[in-house]
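Reader: I would like to go through this model with you and ask what stands behind each term. Could you show it to me?
Author: Gladly, here it is.

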Amino acid sequence: GTTSAHRPPATRTTCGYCGVGCTLDVVTAGGEVTAVLPARDGPVNQGHACVKGRFTHGFLTSPERLTRPLLRRGGRLEPVGWEEALGHVARGLRAALADGGPDAVAAISSARATNEENYLVQKFMRTVIGTNNVDNCSRLCHSPSAAGLTASFGLSGGTDGFDDVERSDCLLVVGANPVEAHPVVGARLLRSVLRGAGLVVADPRAVGLAEHADVHLRPRPGTNVALFHGLAHVLLAEGLTDEEFLRERATGLDRLTELLADYPPDRVADITGVPAADLVTAARLYGEAECPAIVYGLGVTEHLHGTDGVRSLANLAILRGAVGTGRGYGVNPLRGQNNVQGASDMGALPDLLPGYGRVVDPTARARAEAVWGVPVPGRPGLRIPEMFAAARTGELRALWVIGEDVCATDPDANEVAAALDACPLVVCSELFLSETARRADVVLPVASWLEKDGTFVNFDRRFQRVRPAVPPPGEARSDFDVVHAVASAMGAGLGCPTPAAALAECGRLAPAFAGVSHDRLDREGAVPWPCRDPGRPGETKLYRDRFATADGRAHLSAAPYLPPGEHPDDDYPLILVTGRRWAHYNSGSMTRRGANIVLDPVDLLDLHPDDAHRYAVRDGEPVTLESRHGRARLVARIGEQTASGQVFCSFHFPASGVNRLTSGHADTVTSCPEYKVTAVRVIAS
Ligand code: SF4
């Protein structure tokens, strides 16, 4: 740990909540965390931190923390020793292998776990089990970013560093509410605007940044692709494109131009509800800026056509020549979870190896095989929704869920629960007895982000160190140690005995990470990837002279707008959008057990005064929300932040049943759920 002259001794680490990656100094006394302070020299946070990072460490000492392994006996989970739990896991895995072969086993790795843990999980699945059935929860949030950005530019990552984005003279913020979900980034974006940058906000809700925007576009949920095509239409029609860039460095302009003829502002206004004049104003702001930048969130990805949304948003940067040049700061997803970028970077994906080599590519497999010394399966594995489907049909016979409460956070929660019940072996690594853990056969108690060693990669691709401030409680162990222990119980070894060794090994098969090491991060604080050489700084800009596509060009997409999967009707007249709030994080398992519960104690349903009047709902009173898939109970909050005809709630309180409302629709390319569009009715109760 590091110390500062005017502060108490502290352990320096990286926040384990959102993907901003704030550097925090964790003060302890008597083996307990007493304060969490934002580091003044933190490369991303620059002395700031939000209410999540600062005040939600109370969960560490919650009496509900799991401190011993649990094993299901006679229908009940009972505490047992590690040896017995691991023996049961190993026997169950061997039985699944004997019954169904390697592809009868799957693991859901964790975007909350460290890079080194994710690296080890996918290595275990690929080399010990012999399957590519490993995925992580980016499937549920930013898998369309991975697919879309890779198709448009060649790599799965934001195109520019946030320090550059902050220098932009025009920010286009789409489908994101950084003031609440990524508060430190929200503050930095606001700082840019107060210094004079233009701001276009595109979001159905009046999110925090909207009041500072030059123009706020409020598309109907599910109409993003039409909106982006409308903006692109204006860029083309008004000559606001970079012709030299399009000629020299892009491809697909003819097809896109043909498509965009069908998206004049008037027609786009009909589809999206955004006035044509606002669309033109927004396109001019973006098109006439010197260095525009796009920042976006889950409002772009969590749709039936989320990958098309990412690609048609990327079209704007390509048309404008504002990516991979000095004339703009590209296209940048705001990652939700602390290490959602890193979990994917490390290859915890069914089709991609560490560093994004494709499992179907013999050259990429050979590189991994040279390091691992065993053959790597060449058939892509199951994605998370496919794992549940395979469990229901009996094809999947063992599932290891690491740090994800899939019963609470995945769509169509009833179906997920049925899948777990049908699977002969469910192993769950968890901090608490979550809904998923309650259905598991074996529950393994693990360390949290404040109790372990490793690295995270934040939303703008910076590797940063994670260090233990306190030991894990009772017999809980880090996921890193647990994966090693399960491998040992199977009679196998995984090498790389320490997190530092695991990252070093990953760098040997993924050249983009070869220059990063724990030692270097301890000296320098943060290193962005790509970083191929320990002696050189990493690249904050992902592309300069070439894109990483096969032809080196940026690829324009010409996908037409297609409607969302869910539609309101007389029975379900409102559209529900789910998202994040300021004080809580994801399923809330950590933040609801800390001080933040007093800030945001109940799950609120935001609805417009007109709708409240229409459905006789009163502010502060309980309401029932029903969809075609399920029902939830919340407390009404009436206000104009949410447009009439729409309602909004968070996913931080799974007990209210919100994820029982959402449909089974998912992005046609990546299976990312359509969380942002669900038809519902509200009943005062
Ligand atoms: Fe920073 Fe995000 Fe943590 Fe808040 S939750 S302190 S913005 S990393």
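Reader: Which residues does Leu231 touch, not counting residues up to four places away in sequence?
Author: Leu231 touches Leu279, Ala282, Ala283, Tyr286 and Leu316, with residues up to four places away left out. Touching, or being in contact, means that the C-beta atoms, placed from the backbone, lie within 7 Å. Please keep in mind that this is a predicted model: local features need pLDDT of at least 70, side-chain atom pairs count only at pLDDT 80 or more, and totals for chains, interfaces and linings use all residues. Residues are numbered from 1 along each chain as its sequence is written.

Reader: What makes the set around Val200 and Leu231 a nonpolar core?
Author: A nonpolar core is a set of buried Ala, Val, Leu, Ile, Met, Phe, Trp, Tyr and Cys residues joined through C-beta atoms within 7 Å. The largest such core has 187 residues, and Val200 and Leu231 have the most contacts inside it. Its largest share, eight residues, comes from helix α8 (residues 224–237); helices (H or I, at least four residues) and strands (E, at least two) are DSSP runs, numbered from the N terminus. This core also draws at least three residues from each of domain 1 and domain 2. Apart from it lies another core of 23 residues, including Leu576 and Phe648.

Reader: Which strands does β4 pair with?
Author: Strand β4 (residues 70–73) is joined by four bridges to strand β5 (residues 76–79), and the two run antiparallel. They form a hairpin with two residues between them, where Gly74 in the turn has a positive phi of about 55°. Two bridges also join β4 to strand β16 (residues 442–445), again antiparallel, with Val443 as the bridge partner of Leu70.

Reader: Why is Tyr356 called buried?
Author: A residue is buried if 20 or more other C-beta atoms lie within 10 Å of its own, exposed if 12 or fewer, and partly exposed in between, with C-beta atoms placed from the backbone. Tyr356 has 21 within 10 Å, so Tyr356 is buried. Its phi is near 75°, a positive value in a residue other than glycine.

Reader: And why does Gln46 count as partly exposed?
Author: Gln46 has 16 C-beta neighbours inside 10 Å, so Gln46 counts as partly exposed. Gln46 also has a positive phi, of about 50°, although it is not a glycine. Gln46 is found in the loop between β3 (32–38) and α1 (51–55).

Reader: What makes you point out such values?
Author: Most residues other than glycine have a negative phi, and most peptide bonds are trans. The peptide bond from Trp529 to Pro530 is cis, with omega near 0°.

Methods
Domains from an automatic or database assignment. Contact = placed C-beta atoms within 7 Å. Pairing = 2+ DSSP bridges.
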